[in-house]
Amino acid sequence: MYEHDITLTVNGATEELTVESRTLLVHALRDGLDYTGPNVGCESGKCGVCTVHLDGEAVKSCTLLAVQADGGEVTTVEGLAGEKGGTAGVDDPADALHPIQRAFHEEHGLQCGYCTPGMVMTAAQVLEENPDPSREAIRASLKGNICRCTGYHNVVNAVESAADSLRNLDAPTGGR
Ligand code: FES
Ligand code: FES
């Protein structure tokens with residue numbers, strides 16, 4: 001059994017850990033570092049519940065070995081609230097929700113919630129690349145994220161609503 005010392009930056013924190021050659025990134029995050037936001041489902045790249053950002057790209061963290069991410073910057077759903085708009089309107093950063101998380105809450109874009117971290121992380125990348133997507137584009141972009149509960153309608157509503165919120169954050173205020 002080969003082991004490797006690797007370093008990841010997770011949600012801005014430097015994390016050092018030892019992993020086996022076969023350890024998947026999702027298991028390194030969950031079991032090695034206690035970032036339990038990314039869930040484990042199919043472990044074969046089909047369901048999307050394990051989605052995180054690696055060096056700014058949404059990736060299914062069950063499709064990568066932890067050693068492949070060595071030196072990389074990872075954002076999990078736990079770290080998303082610290083990004084754009086996450087602390088808007090809250091006094092305590094612990095209460096912060098990213099506008100996408102807030103939209104899933106307000107639009108009832110979840111039931112059991114198992115798929116939600118992956119949905120949110122995928123949506124974050126989608127809205128970064130296309131701030132004003134059509135409903136069809138949202139549906140297409142989430143095709144790699146499976147939900148067993150919601151029927152997707154409210155998920156699409158949530159992403160649409162989050163897109164509005166993020167565009168408003170970016171809009172010039174016009175005042176002094
Ligand atoms: S657990 Fe990673 S895609 Fe299903
Ligand atoms: S809310 Fe249950 S799997 Fe999506």
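**A first look at some residues of this model**

1. Thr122 belongs to helix 4, residues 116-129 (helices are DSSP runs of H or I of at least four residues, strands runs of E of at least two, numbered from the N terminus).

2. A word on the basis: this is a predicted model, where local features need pLDDT of at least 70, side-chain atom pairs count only at pLDDT 80 or more, and totals for chains, interfaces and linings use all residues. Residues are numbered from 1 along each chain as its sequence is written, chains are lettered from A and ligands numbered from 1 in the order in which they are written, and side-chain values use heavy atoms, with hydrogens and water left out.

3. Which residues does Thr122 touch, not counting those up to four places away in sequence? They are Thr51, Ser141, Leu142 and Asn145, where contact means heavy atoms within 4.5 Å. Thr122 and Gly37 lie 85 residues apart in sequence, and their C-alpha atoms are 13 Å apart in space.

4. Helix 4 also meets helix 3: the buried residues of helix 3 pack against helix 2 (77-80), helix 4 and helix 6 (153-170). In helix 3 (residues 99-106), those buried residues are Pro99, Ile100, Gln101, Ala103 and Phe104. Just after helix 3 comes His108, with a positive phi of about 55°.

5. Thr23 is a buried residue in a loop. The loop runs between strand 2 (13-20) and helix 1 (25-32), and the relative accessible area of Thr23 is 17%. Leaving aside neighbours within four places in sequence, Thr23 has contacts with Ala28, Leu65 and Ala66.

6. Is Asp70 buried or partly exposed? Asp70 counts as partly exposed because its relative accessibility is 41%. You will find Asp70 in the loop between strand 4 and strand 5 (73-75). Beyond residues up to four places away in sequence, Asp70 touches Asp5, Ile6, Thr7 and Leu8. Asp70 and Leu8 are 62 residues apart along the chain, yet their C-alpha atoms are separated by 5.9 Å.

7. Glu57, in strand 4 (residues 57-60), is partly exposed at a relative accessible area of 45%.

Note on methods. Buried means under 20% relative accessible area, exposed over 50%, partly exposed in between (1.4 Å probe, protein chains only).
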